[in-house]
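Subject: Handover of a protein structure

Dear colleague,

Please find below the structure that I am handing over to you, together with its sequence. I would be grateful if you kept it open while reading the notes that follow.

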Amino acid sequence: MAVPAEEGDFVAELQLLWRAAGRPSYRRISNEIRERADLPEKVSHETVGSLLAGEVIPRWSKVEPVVRQMAAMAVHHPDVEDEVLRFHELWAALGDSPEDGVPDERAPGDVAPARPPMVRRVSPMATAERPPPPDPTSTGDLQFGALPPRNPEFTGREDVLGAMRAKLTGEPWRPLVLHGLSGVGKTSIATEFVYRERDGYDLVWWITAEQVSQVRSALVTLGERREWEASQDMRRTISGVLSRLESADFRWLIVFDNATRPEDIEDLVPAAGGAGGAVIVTTRDAAWLDRGRGVTVAVLSRAESIRLLQRRGGISFDEADQLAERLGDLPLALEQAAAMRAAAGITVQEFLARLDVHATAVLDQGRPGDYPKTVANAFGVTFNQLRRESAVATQLLAMLSCLSAEPVSLTLLRAADNGAIPPPLGRLLGQDEHLQGAIRVLGRYGLLTAIDEGQRVLVHRLVQLIVRDSLSRAERELAYDNARRLLVAANPGQPDETLTWEMHAQIGPHVEPARLVDSTDPAARGVVLDQARYLYMRGDFDGSLRLSQRARRAWAGPEDDWADEQMFICVDRVANALQGLGRYQEASDLYERAWIRVNQRFGEDHRRTARLANGVAATRRLLGRYAEALKLEQYRVRYYEQANPGVAEDLFHARNNLAVNLRAVGDFRQAYDIDRQLVDDRTQANGADHFRTLLSVSNLARDLYGLGEFAEALRVQAESLPAMLERLNSRHPLVMLATRTICLGLRKTGQLAEALDASREHFYKCQGEFGSDHANTLAAAMTYANAVRARIAAEPTGGGESLNRAYNLSVDTMRRYRRFGERNPLALVAAINHAAILRAMGERRGARYVGEPAYQALYRQLGAGHPYTQAAAVGLANDLFAAHEDDDAVRLLRATLDSARDAGRADHPDMLVCAVNLALISHESGAAGSSIASLRDAVGAGHPLVEAAQRDERGECDIEPPPL
């Protein structure tokens, strides 16, 4: 269908505004609208996606909130009311206004209106930014991710499969929900549907959805398989994956198998894809039926039950009918009965007689509503037969029933071959031939499925539940103990090292089912702490926070007792995850409490105190308490030099962080000396290309920048960046910080066009990577705003940018920094830079109104000798001169130069600019010539600052604080 010109313009402008907002996901736009009290009309993420794709133009009351929200998120900060008026004119020009038409969202059961609510209209803009469709020759692993094996014995269910097909193609887009009790065959039906329909999709991805962490990990893996851009923050990676799916021009199908409560994962479920995306959810939770197109999965029809049993052989029609009647036509019970009969070689009548004997009355009370007695009875017969045949296979099944229902690898099982588990099970796990034999026995009875060519085993979750309930208390306690021993034995420790991540990933799904968090065993708790750290290192800050918070509650008890070292490690994990999420004040509050308690409990000469001091110092730096943080870092270096000299990396890390704090207090020379030695030490210990060595090289470049050696800083950082990219990736935080140093070096060496382009790209990348409130993003915004002002000061055209862009960026940055504290040095620095932008805009009074109190606050907090204070003084002197307060301007500049000489910074380019400005204001031509010559020697003859000074123009000193 051809797109009308007016409609194409409307959708194209919406797409442009969406891009200016940073391409947020449809779900994020919807959620932001929902949280705004000034927008009474809410908009679903499906509607947002359809609107931006040009598939539907809803009524204006739905369009307006989307426009307002995207305008508020846009980097260039347009006037929101102007944008609303502009888009209303575009919308009204479409004609046949949908204002009085149908809503774009109808409740289930509403009568469809005469006019279709969705007309598929794809504009050029709707497809221009989308990735190309996958290569049809791509491998099966890329196209079909983690599918369970197809059941060759699948029988019947044609009515359910037909209903699924009809709902996926015929009803308005919502997830398809397969709902039914345990053991009814939801997973089997979804699996069969996928195998029958997969040729109609370019991508099929299966996700085991019992735990939120499993869903998050599976979405990250999907992004990796598709080679979509990833982030160090798992939330950002997942958001990117969902956005890719929601705007895809290829057909995809995602299955969320055995989903728990909708509220647990609904934010992880993608909306419709542009070319046709579909979601299938299998679940026992009826709450999902309100969120999707429901298909209820009942037990098999009697005819299907009979066919299933007869396909296993050795049973007549009447016998199959009789057995199906007793087992309630439940697929899992029928499968178990058939497997048990085949394994034990008994007749149907013998099996039915055993069912009568094994009543399992204990299962009749206090069990979930979908826990069918038919399965319990059938299982009781099978389990008793297994006990008689193999006690050790029974122990293996019991242990597996205390782990996750996710497949368990033989590698994980073999980890306990060191005697960690007592015999006979421990001996079995240490002998591969016997282990394989036990697996075959369990498979014969239908209690376990071997997949991936026998390298992983799978126990159905309902089988797990009944096994646990069928064990005596002593047997159950032994099974849980064996499961915990297995995970302890498999735990590789060292979660900071990527080589251990594969095994940590295998352990992760089993931590909660094995009740490790509830254990009092230090080794079991160590697995929990390592898993929380692993999740943090993977960028799953949410997952790390959830696990460590649960452990904290369980271990501290209602009295919040932090009795042992592991409890303090746990608190450290919680606070660390809060920092990763940008929740700095919460992290600080927790660290301060922990700092008091750790000193009371252990004293300053304990390793736990020294390690906790690392997090305490980091939050104090972020909140502007530089002197306090410096004392903590000095303490850590002393501790590791005296108490723990054999652990080199601990001392290297402490010295590294001491240098970070020295940069914060303005002592770049001492920081340089530390980092210079660290480069040598880490090169010798780890090699020149190790990421920790490269981190020290980056810090060295930041020291050089702070010392005013801009060209050398740029050279050092640019030379090491390729190695960082090779070992990490373009979105790794260390690489992002190195990229910012290059942006600064380009600008300070006078390469303003290149600096502006690099700063813009860096800001957009940080915004997408860390979110708008993260410290790294705010620093990037400041760098971008400073680059815009510097470019326009040297060239009025500004490379296509405007001072309005710089103004909006700095206003927003100041506002966000104030959340760190009204008098936080970072907020004050942002105000100093904003004042420079206001002066460039001719807003002299506004510049002084912002800059003077910021200078005074910096002077009081950091002192006259701090580089921030000195740079702020240069800007304030410009304001004083503009107000014809020449004498005050001269006094301020002279005092600043005196403090710079006392601090050993008289030759810093900023202070040379200060000297030039002083000479120009005081009309000392000889001093001006000498100062300009010194500035030329420092930064180069063609530098914009030198050229401006030669035109008798006063210079500006913006501030770029180093990473904290």
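I begin with arginine 621, whose relative accessibility is 3%; because this is under 20%, the residue counts as buried. Please bear in mind throughout that this is a predicted model.

Salt bridges

The partner of arginine 621 is glutamate 633: the two form a salt bridge in which the closest N and O atoms are 2.8 Å apart. The pair links distant parts of the chain, since arginine 621 belongs to helix α29 (residues 607-622) and glutamate 633 to helix α30 (residues 626-642), 12 residues apart. Is glutamate 633 buried or exposed? Glutamate 633 counts as buried, because its relative accessibility is 0%.

How many salt bridges does the structure hold? The number is 62. Two further examples lie within single helices. In one of them, glutamate 719 is bridged to arginine 715, with 2.9 Å between the closest N and O atoms. Both residues are part of helix α34 (residues 710-727), where they are 4 residues apart, or about one turn of the helix. Glutamate 719 counts as exposed because its relative accessibility is 55%, a value over 50%. Arginine 715, at 38%, counts as partly exposed.

In the other example, arginine 901 forms a salt bridge with aspartate 898, and the closest N and O atoms are 2.5 Å apart. These two residues are 3 residues apart in helix α42 (residues 886-902), again about one turn of the helix. Aspartate 898 has a relative accessibility of 38% and so counts as partly exposed.

Salt bridges also join into a network, which links Arg740, Arg747, Lys748, Arg789, Asp958 and Glu960.

Strands and sheets

Which strands make up the open sheet of 3 strands, and in what order? The order is β7-β9-β8, and the pairing is antiparallel. Strands β7 (408-409) and β8 (449-451) stand at the edges; each has a single partner strand, so one side of each is left without a neighbour in the sheet. Strand β7 is joined to strand β9 (residues 456-458) by 2 bridges, and the two run antiparallel.

Strand β3 is mostly covered, with 5 of its 6 residues buried.

In soluble globular proteins, nonpolar side chains tend to be buried together. In this model, the largest nonpolar core has 141 residues, and Met164 and Leu396 are those with the most contacts inside it. The element that gives the most to this core is helix α27 (residues 565-580), which supplies 9 residues. Apart from neighbours within four places in sequence, leucine 396 is in contact with Leu425, Leu428, Leu429, Leu435, Ala438, Ile439 and Leu442. A second, separate core consists of 59 residues, among them Leu623, Met814, Ala889 and Leu892.

Two individual residues

Serine 544 is located in helix α26 (residues 541-556). Serine 544 is buried, because its relative accessible area is 1%, which is under 20%. Which residue has its backbone oxygen 2.8 Å from a polar atom of the side chain of serine 544? That residue is alanine 532. Not counting residues up to four places away in sequence, serine 544 touches Ala532, Leu535, Tyr536 and Ala577.

Glutamate 46 is in helix α3 (residues 45-52). Its relative accessible area of 24% lies between 20% and 50%, so glutamate 46 is partly exposed. If neighbours within four places in sequence are left aside, glutamate 46 is in contact with Trp173 and Ala271. Glutamate 46 and glutamate 246 are 200 residues apart along the chain, and their C-alpha atoms are separated by 8.9 Å.

With kind regards

Technical notes. Residues numbered from 1 in each chain as written. Predicted model: local features only at pLDDT ≥ 70, side-chain atom pairs only at ≥ 80, totals over all residues. Heavy atoms only, no water. Buried < 20%, exposed > 50% of the residue type's maximum accessible area, 1.4 Å probe, protein only. Contact = heavy atoms within 4.5 Å. Salt bridge = Lys/Arg side-chain N within 4 Å of Asp/Glu carboxyl O. Pairing = 2+ DSSP bridges. Core = buried A, V, L, I, M, F, W, Y, C linked by side-chain atoms within 4.5 Å. Polar contact = N/O pair within 3.5 Å; in protein donor to acceptor, adjacent residues only side chain to side chain.
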